[in-house]
Each structure stands twice: as structure tokens, then as C-alpha cells.
Amino acid sequence: MTTEIHRDDLASKTGMWLFLFTEMLLFGGLFIVYSVYRFRNTAAFHLAAEELSVFVGTLNTILLLISSATIAMSITAIQKHNKKLTLILLGITVILGIAFLVNKYFEWGHHIREHIYPGSPVLALRGQGDVLFYGLYFFMTGLHALHIIIGLIFICVIGQLIIKDKISHDNFVLLENSGLYWHLVDLIWIFLFPLFYLIT
Amino acid sequence: MENEKNHIVPYSTFLYVLAILIVLTLVSVTLTQISLGALTVAAALFIAAIKSSFVLSIFMHLKFESKMLVLMVIAVILIICIVIFITLLDYLYR
Amino acid sequence: MSTERTIEEPSYLEYKGKYKGLFSWIFSTDHKRIALLYLFSILLFFVVGATLGVLMKFELIAPGKTIMDAQAYNAFFTLHGIVMIFAVVIPGLPAVFGNFLLPIMIGAKDVSFPKLNLMSWYLYVIGVSLVLVSQFAGQEPPDTGWTFYAPYSFRTAGNMLPAVFGAFVLGFSSILTGLNFLVTIHRMRAPGMTWLKMPLFPWTLYATGWVQLLATPIVGITLLMVVAERTLHIGFFDPTLGGDPILYQHLFWTYSHPAVYIMILPAMGAISEIISTFSHKTIFGYNFMVASTLAIAFVGYFVWGHHMFTSGMSGTALYTFSLLTFLVAIPSAIKVFNWISTMHKGSIDLQTPFFWSMAFVFLFMIGGFSGLILGSLQLMCIYITHILSFLISISLYSEEQDSPFLEQCITGIRRLPEKCTIRDGPILA
């Protein structure tokens with residue numbers, strides 16, 4: 001029996017997609033909670049959403065969209081044997097991801113300075129609708145930010161592997177999988193953005 | 001069963017799609033600034049759905065994948081929608 | 001198939017890898033070794049759960065305090081539930097028999113991601129350890145029952161966090177097993193084994209894999225929400241913060257009802273194999289068996305509300321869930337008819353496994369018929385309020401009973417792999 005390592009890129013990609021399904025369902029559960037509480041507290045949700053900065057939200061959306069495009073382009077680059085461009089594009093993706101997190105940090109910091117955070121007495125005084133809205137806001141954007149951090153680490157590891165030529169033009173399924181993960185993070189933000197920022 | 005040669009998507013496709021996505025984002029922001037009443041959420045979600053279909057099909061390469069995978073993605077999205085719908089059957093009529 | 005077996009390969013029991021002794025097991029990525037790892041760890045935790053159950057029964061042997069007070073009883077009750085559900089019945093069939101038999105039955109060398117397979121076992125052990133730790137660490141053991149119902153789960157003084165997080169980790173382990181099976185079935189079937197030539201046990205594992213993959217994240221996020229509610233006081237299900245405890249039940253049962261099918265579907269697949277093997281006939285209505293497996297998994301995903309008939313849902317939701325629940329009866333009945341029809345005019349070999357399978361079918365019919373009674377809304381409400389023991393006896397009968405029944409049944413025929421490859425013949429032909 002030869003000890004040839006069995007490599008099946010399609011299996012690896014299918015596995016990644018199946019994992020993304022679980023992520024979709026994970027956020028799906030939160031979207032169920034969101035839609036139920038929004039239905040029960042429509043007015044409060046609308047008023048609370050007005051306090052979120054549409055500008056920062058839009059900026060973050062665009063940052064994520066660009067980062068998604070760059071990581072998608074990096075796959076084209078590696079297929080065209082262009083290692084340098086691949087790394088540059090991945091670098092841009094990481095920088096944009098960090099920029100997203102920085103924006104998020106200032107956004108959260110702004111809310112917390114105004115004593116709007118889960119469990120704050122100021123928030124409790126504003127009524128149950130606001131408590132629910134901000135609870136969901138912090139939890140969902142927080143979980144999303146956690147996914148961004150995981151995605152960034154994933155991409156950095158992939159970048160290392162590309163530098164070491166472990167990932168190259170004929171073996172780039174890991175890069176594709178990191179891309180898929182990053183796109184999923186983008187996909188979730190595409191829905192989070194209108195649901196939290198644009199329902200005023 | 002094997003897909004021998006991977007389809008190489010040209011850079012320009014991604015840039016076009018990116019442009020479309022950014023325009024759609026701005027459209028949904030401006031749409032929601034002018035008051036559409038109850039339609040606001042519907043419009044925003046509709047645009048989000050269009051955007052996600054672009055991300056899924058081009059960025060996530062689904063357009064060039066096997067039919068089985070496409071079918072699975074559609075089925076999963078459908079299942080999420082059905083679960084939300086059934087849960088709301090409780091809350092809408094309580 | 002038979003030529004495949006003649007290749008000289010050491011048995012997985014004698015296989016010598018990098019390590020020796022215990023390490024050759026816990027660092028092995030061989031699917032058969034992982035299956036046995038699961039088997040013995042599950043048996044261990046089964047003993048733990050069963051001991052707790054016996055102690056609970058001792059407490060109930062006479063009125064008043066016999067051997068433990070009410071609080072200790074609640075703690076035992078909770079731990080018994082968590083261990084038996086999340087650590088025994090759910091991984092029992094897929095992780096043990098699935099891991100062992102699936103690659104063999106579809107003609108693959110191993111599962112698609114052997115390392116992931118081993119990792120899911122480690123996650124399983126970590127998860128159960130967390131659950132067990134919750135009992136001893138902290139002030140008081142958890143006392144919510146295995147369902148962690150809100151709002152009690154974040155108000156009780158019990159040491160909930162390890163228990164809830166342990167259940168979350170166990171869920172993750174279950175997801176990885178399901179994911180592995182799905183990719184294995186998609187990518188590693190032997191050449192020539194098309195979808196509709198696949199044996200029925202892998203088919204049920206396929207359906208189970210989807211259920212594990214798509215249902216478990218929902219309970220995962222729900223448990224995370226409970227954790228967040230306990231630690232960060234984020235309002236999700238707490239009525240004083242505007243939340244709705246019934247929504248917790250919705251989310252919880254969106255997983256925990258499909259979890260029933262994680263327990264029962266592989267059992268059905270194995271029963272199909274056993275009955276057709278010992279009747280010396282191919283299964284009757286193979287296509288319908290496949291379709292009914294998928295239909296049970298699919299419809300079963302949308303019937304969670306029948307666990308909540310008396311919790312105060314809207315009438316529309318009640319009727320919908322009742323209707324959907326009745327729908328599950330159709331594929332279930334197809335299965336029973338086909339099992340019986342397989343035996344018809346077969347040359348039945350009355351061996352022990354066959355008797356166990358008969359008992360399974362019989363029990364499943366009792367469970368199924370009472371399911372029809374329970375599925376109907378009015379009767380369910382009457383029963384739940386007046387004859388609770390009926391409901392409990394049913395669930396014990398059809399779930400807890402069936403699975404150990406089946407496990408004994410399979411252990412009865414230790415040489416099932418050979419049996420399976422024998423019956424692959426006609427199907428592959």
C-alpha cells in the first residue's frame with residue numbers, strides 16, 4: 001500500500017460550504033430573534049435605530065465589500081501564478097478588515113460613553129424595546145466582529161502559507177476556503193446593515 | 001464528477017460586481033432616507049437579497065460550481081426562511 | 001466488492017502507528033478506532049447517566065426524603081438529562097456505528113476528514129467533561145433540566161455556565177461528525193455506487209448528517225444567548241427586559257425536535273439492513289425507503305412546535321404544527337410497511353438480531369400510533385394536563401428504548417460489516 005496522501009479539493013471545498021451553512025443557521029437563529037422582537041416593538045426599534053450612524057454603517061459596508069472583492073481577486077491572481085499580487089490583495093483585505101474593526105470600536109465606544117450598553121441603568125430607563133434593540137445590536141455585531149477576527153487570522157495564516165509556497169497555483173483550495181469564509185462574513189453584514197442602520 | 005479545470009474569473013468581473021454592490025448599497029441608503037413607510041424595510045431587504053445573490057454567485061464562485069452545491073445553498077436559505085415564517089405564524093397571530 | 005477485501009492490510013486492531021498502547025487509540029485518525037473510542041466513552045457516560053437515573057428512582061421509592069433532598073434531585077435530574085441526551089443518544093448511533101460502518105459500506109478508505117473526525121471526539125470529551133464539572137464546581141449544581149428553559153436558566157443560582165457551554169461544545173462535535181459524513185458520502189462513494197445504489201444505512205446517515213448540520217447551530221446560538229443573558233445581562237428571553245421566554249422554547253425545540261431524528265434515523269437504516277439480510281431478500285421499495293428517510297428529516301425539521309402545545313402559542317401556529325406533525329406519520333408508515341413487505345415470502349432466518357429488529361418495529365408502531373394521538377391538538381392538551389405519564393411512557397418507549405434496543409441488536413451481530421458487503425452485492429449489481 002502506498003502512502004500517497006489523498007487530496008480532494010472538491011471535498012475540502014464542499015466541507016467548507018457545509019460549515020458555512022452552519023454559520024448561516026447560527027446567524028439565522030439570531031435573525032429569528034430579531035424579527036420577532038422587531039415585530040413586537042416596531043416603533044421602539046425604529047427610534048433606537050436612528051441613533052446609529054448611517055454614515056459609519058455605510059462606510060463599513062463599503063469597506064467589507066471592497067475587501068471581499070480583493071480576496072476574490074487574489075484567487076484569480078494565484079491562478080495566474082502571480083504570487084506578489086496575491087499577497088498584496090490579501091494584505092489589502094486584512095487592512096480593510098482591521099479598518100472595519102476600528103470603526104466598530106469607535107462606534108461601540110460612542111454608545112458606551114452614552115451609557116448605552118446591555119445592563120446599563122440608563123438604557124433600562126428608555127424602555128424594553130430599546131433594551132432589546134441594543135441587546136441584539138451588541139450581540140449580533142459583536143458575534144460578527146468575532147467572525148471578522150477569526151477570518152483575519154485565517155487569512156494571515158493563508159498568507160504565511162503562500163509566502164512559504166505551501167499554497168500555489170495548483171493547490172489553492174485553502175485560499176478559496178478562506179475567501180469563502182470572508183465572503184460569508186460579508187454576506188451576513190449585508191443583512192445586518194439594513195436591519196440595524198436603515199430601518200428608521 | 002471531477003471538475004478538472006478550475007474556472008478563472010477575470011479581475012474585471014470582480015471590479016464590475018464590486019461597483020454594482022457599492023451602488024446598490026448607496027441606493028438602499030438613499031431609499032431609506034426618503035420615507036417610504038412600511039415599504040422601507042421591504043425595499044432594504046430586497047436590495048440586500050440582490051446584493052447577497054451577487055456575492056454568492058460571483059464572489060463565492062457559485063455560478064461556476066456544480067448544480068448540487070447550488071441546490072444545497074438554495075435549500076438551506078429556503079429552510080431558514082421557512083423556520084422564520086413558521087415562528088412568525090406564532091407571533092403574528094398571538 | 002470481494003476483491004477489495006483480499007488486499008493484505010493489517011486489522012485496525014493490530015495496526016501499529018506512530019504510537020503504542022493508549023496513544024495509538026487517542027491519536028489515531030482511523031475511523032474504526034475513532035468509532036470504538038466513541039463507543040467506550042459513550043458507554044462510560046451511559047453508566048454515569050444510568051447511575052444518576054437509578055439514584056433518582058431510589059429517591060422516588062417512598063414519599064418524602066429518602067436518599068437526597070429536592071435540590072439534589074433536581075441536580076441529578078438535570079445532569080442525567082444532559083448526559084443521556086447530548087452525550088449518549090445523539091452521538092450514539094451516528095458517531096459509533098456511522099463512523100465504523102459508513103466508509104466500509106460505501107467502499108471508502110476512511111471518512112473525508114480523518115483529523116476532523118478525531119477532533120470531534122476530543123470536543124465530545126471536552127463537552128461532557130464541562131457538563132460533569134458543572135456538577136461539582138461552583139456553588140450549586142445546575143437545576144434547570146436538560147432543556148435549560150428560560151427565564152429560569154439565567155435566574156437560578158446553579159452553576160449554569162459550564163453546563164450550557166458544555167452542551168454547546170457537544171453540539172459542535174455533533175456538527176463536525178455530520179459534516180464529515182456528508183462530505184464522505186458526496187465525495188468518496190466507490191466508483192459505480194450512484195446515489196440510488198447506496199445501501200440504506202448510509203442513506204439514513206446522510207439524512208442525519210443534514211439534520212446535525214442544520215439544526216445544531218440553532219441550539220448553539222440559543223445556548224450562547226443564554227450565556228450572554230447570564231453574564232452580560234443582554235435582554236433576549238427575560239420578560240422583565242421585554243424578552244419572550246416562549247421564543248426560547250421555539251429556538252430550543254427547533255434543534256431538539258430534529259435531534260430526535262438524529263437518534264432514530266440511523267436506527268431505521270440499520271433495521272432496514274438487518275431485516276433484509278435475515279429475510280434473504282433485497283429491501284422492499286428501496287426508492288421509497290430513501291425518499292421516506294429524507295422526508296422524515298425534512299418535515300421533522302418543521303414540527304418543533306408540538307413540544308410547545310400548551311406553552312401559549314397562537315392558534316394558527318398550533319394548527320400548523322399539528323398538521324405538520326401528522327405529516328411525519330406518512331414516511332414513518334412507509335418505512336414500517338416496507339419492513340413488513342420485505343419479510344413477506346422471504347426465507348427468514350430467525351436469529352437474535354432479527355428478533356431485536358422485530359421488537360424495534362413493534363415498539364416503533366406503538367410509538368408511532370401514540371404519536372398520532374399526541375399530534376392531534378386537543379388530545380395532546382388533555383393528555384399533557386391529565387395523563388402526563390402517558391406522554392412520558394411514549395417518549396421513553398419510542399426513543400430511549402429503541403436506541404439501546406438497536407445498539408444491542410447491532411452488537412448481537414458483530415459481523416455486520418461482512419453482512420453488509422454481502423448485501424451490497426445485489427444492490428450494486
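The pLDDT is the predictor's confidence in each residue, from 0 to 100. The structure is a predicted model, in which local features need a pLDDT of at least 70 and side-chain atom pairs count only at pLDDT 80 or more, while totals for chains, interfaces and linings use all residues. Residues are numbered from 1 along each chain as its sequence is written, chains are lettered from A and ligands numbered from 1 in the order in which they are written, and side-chain values use heavy atoms, with hydrogens and water left out.

Chain A has an average pLDDT of 91, and 97% of the residues score at least 70. Helices (H or I, at least four residues) are DSSP runs, numbered from the N terminus. In chain A, confidence is lowest in helix α5 (residues 121–125), with a mean of 86. It is highest in helix α4 (residues 83–113), at 95. Chain B averages 87, with 91% of the residues scoring at least 70. In chain B, helix α2 (residues 39–59) has the lowest confidence, at a mean of 90, and helix α3 (residues 67–92) the highest, at 94. Where pLDDT is low, the predicted coordinates should not be read in detail.

Two packed helices are described by the angle between their axes and the distance between the axes. Axes are lines fitted to C-alpha atoms, for helices over the stretch in contact, and angles run from 0 to 180 degrees between N-to-C directions. In chain A, helix α2 (residues 42–49) packs against helix α6 (residues 128–163) at about 55 degrees, with the axes 8 Å apart. α2(A) and α6(A) are therefore oblique to each other. Angles under 35 degrees count as roughly parallel, over 145 as roughly antiparallel, 65 to 115 as roughly perpendicular and the rest as oblique. Contact means heavy atoms within 4.5 Å. From α2(A), A:Ala44, A:Phe45, A:Ala48 and A:Ala49 meet residues of α6(A), including A:Leu132, A:Phe133 and A:Leu136.

Chains A and B also meet: 45 residues of chain B are in contact with 45 residues of chain A. Together they bury about 4000 Å², 79% of it on carbon and sulfur atoms. Buried area is the accessible area (1.4 Å probe) that two parts lose on being put together, summed over both.

Most residues other than glycine have a negative phi, and most peptide bonds are trans. A:His115, which is not a glycine, has a positive phi of about 60 degrees. A:His115 sits in the loop between α4 and α5 of chain A. In chain C, a cis peptide bond joins C:Ala150 and C:Pro151, with omega about 0 degrees. C:Pro151 lies in the loop between α5 (114–136) and α6 (160–187) of chain C.

Methods
Helix = DSSP H or I, 4+ residues; strand = E, 2+ residues; numbered from the N terminus.
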